Amino acid sequence: MRDCVVFFCMVLTLGLLPAVDARSDDPPVPEIGAAGGKDRQPSKWIVGDRALETSRSINATHFGLSADSDADQSIAMADAISHAANSADIDTVYVPSGTYRFSHPINLRSGVNFIGDGAGRTILEGRGLRTYLLNARRMNGSEALIAGLTLRNPHRTVLMDGVSHLHFRHVEFAGGIVRLQNCSDISLEANLFRENRGKSGYASNNCDRIRIVHNRFESIENGSVNLSRHRDCYVAWNEITAKSLLDSGYAGIRLPNDAMNNLVEHNLIENHGRGIFVLSSSENNVIRNNIVLGSTKQGALIQSSNNRLESNVIVDAGEQSIYVVDAVASSSPTPSIADHNHLLRNVIYDTHSQRGDRFIALKVSTERNTIVENVISSHYGREFKAIRLGAGNVERDNEYQPDVGQAQTSSLVQSIKEQVAAHLVFKRSSENSVPKSSAGR
């Protein structure tokens with residue numbers, strides 16, 4: 001067993017363990033560019049593997065949209081979107097650089113791409129807008145793209161309700177939450193969530209096949225990703241950070257309310273109240289190869305059954321590193337049982353001394369769970385385990401050993417941070433813009 005542990009830690013030092021799963025895929029990060037050369041007007045916008053013909057676009061300023069004006073731009077934008085939706089030879093609304101202010105929501109239309117000059121360059125901003133800035137309801141977007149924009153509203157930013165087949169690329173969501181409800185087949189890729197308020201930057205409900213990859217979540221008020229009633233979704237290669245440690249019961253990634261069959265992998269979660277939280281009868285979720293760096297409470301808290309927590313690295317949990325416990329009615333509005341979970345090959349470190357009766361690496365208070373081949377550092381005094389006896393739990397080959405040292409721990413964390421960062425296109429809001437074009441009618 002010790003040889004296996006040494007090999008496992010060596011692999012982790014070089015990067016996250018590879019894993020094979022039918023739902024797991026890691027295609028190239030989508031890039032946004034132009035075809036036609038930088039010295040002449042581009043003939044196409046290239047967004048990932050999609051090419052949008054500029055000849056099929058309209059320029060929203062031709063419909064009266066005016067940049068950097070204090071006047072409400074709602075009517076002009078609605079006219080441009082309506083024209084594109086009703087024209088057989090138009091499929092894209094292009095919005096040039098500038099700041100545009102809206103007192104009424106922008107409503108998307110099916111099949112209409114919405115393209116700007118880049119986040120931080122094309123800025124759509126709510127002005128006294130208490131509802132969502134960007135809306136769509138009961139719409140099949142038929143694979144339309146929203147790309148190269150900053151969407152800014154201090155209260156609410158995006159609402160997709162009953163929407164399918166829509167893709168967000170290189171969008172900065174600033175201020176309000178992004179909410180999807182009753183949606184399917186939507187992807188959010190290479191975006192920035194910044195200073196979002198509320199329970200999560202992405203705070204959504206009852207969705208199928210949502211793809212959240214290569215995004216950066218920063219400075220979230222309480223949490224970052226909330227997958228309430230999500231099924232068959234993929235959340236991977238996201239950097240989920242806060243400027244300082246959040247004292248919140250929410251989490252970097254939270255799976256509540258019958259969230260089923262989701263795959264969460266290769267995410268970096270830093271400075272949240274909890275790293276990962278599975279609750280409210282959410283089952284058959286696979287959570288693997290994630291890094292949780294710093295948490296006020298648990299690195300991972302599981303209050304549901306039949307989930308798999310595998311090959312994650314948890315550093316500096318404020319209380320229990322991994323805690324499996326039933327949610328009882330006296331302490332939770334959504335009680336559920338937490339049995340038949342698998343805790344496999346997770347690694348737990350601390351970088352400073354922890355004190356108190358809650359500083360336990362593996363705490364399992366429920367029945368019929370499998371706890372196998374987890375590696376816990378003993379150097380800073382975290383208690384090894386508290387696993388309920390006589391409850392059908394399978395517990396074997398877990399290692400409690402001295403830390404390899406501060407330098408090695410720091411090197412491990414840094415290497416994993418760099419690996420996640422290498423997959424992020426969105427470094428700053430001024431980067432990775434859609435090239436400016438005067439195309440359109």
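Colleague: What should I know about the numbering and the model before we start?

Modeller: It is a predicted model, so to speak of ground rules: local features need pLDDT of at least 70, side-chain atom pairs count only at pLDDT 80 or more, and totals for chains, interfaces and linings use all residues. Residues are numbered from 1 along each chain as its sequence is written, and side-chain values use heavy atoms, with hydrogens and water left out.

Colleague: How many helices and strands are in the chain?

Modeller: Three helices and 36 strands. Those are DSSP runs numbered from the N terminus, with helices (H or I) of at least four residues and strands (E) of at least two.

Colleague: And what share of the residues counts as buried?

Modeller: 59% of the 441 residues. Buried means under 20% relative accessible area, exposed is over 50%, and partly exposed is in between, using a 1.4 Å probe and protein chains only. The chain exposes about 16800 Å², with carbon and sulfur atoms supplying 47% of it; the areas come from the Shrake-Rupley method with a 1.4 Å probe.

Colleague: Which H2 residues are buried, and which strands do they pack against?

Modeller: Ser-74, Ala-76, Met-77, Ala-80, Ile-81 and Ala-84 are buried. They pack against several strands, including E4 (57-59), E6 (98-102) and E9 (122-126).

Colleague: Now the largest pocket. How much space lies in it?

Modeller: About 420 Å³. A pocket is an open set of points on a 1 Å grid over the protein atoms alone, with protein on both sides within 12 Å along at least five of seven lines, and lining residues have an atom within 4 Å of a point. The volume is the space filled by probe spheres set on the points.

Colleague: Which residues lie nearest its centre?

Modeller: Tyr-250, Arg-254, Phe-277, Leu-279 and Thr-334, out of 26 lining residues. By class the lining has ten nonpolar, eleven polar and five charged residues. Strand E13 gives the largest share, three residues.

Colleague: On to Leu-343: buried or exposed?

Modeller: Leu-343 is buried, at a relative accessible area of 0%. It sits in strand E29 (residues 342-344). Beyond four places in sequence, its contacts include Ile-302, Leu-309, Ile-322 and Val-364. Arg-308 is 35 residues away in sequence, yet 6.3 Å away C-alpha to C-alpha.

Colleague: And where is Thr-296 found?

Modeller: In the loop between strand E24 (291-295) and strand E25 (300-302). Thr-296 is partly exposed, with a relative accessible area of 21%. Leaving out neighbours within four places, it is in contact with residues including Leu-245, Asp-247, His-272 and Glu-319.

Colleague: Last one: which residues does Ile-220 touch?

Modeller: Not counting residues up to four places away, Phe-193, Asn-196, Ser-200, Gly-201, Thr-241 and Leu-246. Ile-220 is in a loop too, between strand E15 (216-218) and E16, and counts as buried at 3% relative accessibility.

Technical notes: 1 Å grid on protein atoms, 1.4 Å probe; cavity = no way out; pocket = protein on both sides within 12 Å on 5 of 7 lines; lining within 4 Å. Nonpolar A, V, L, I, M, F, W, Y, C, P; charged D, E, K, R; others polar. Contact = heavy atoms within 4.5 Å.
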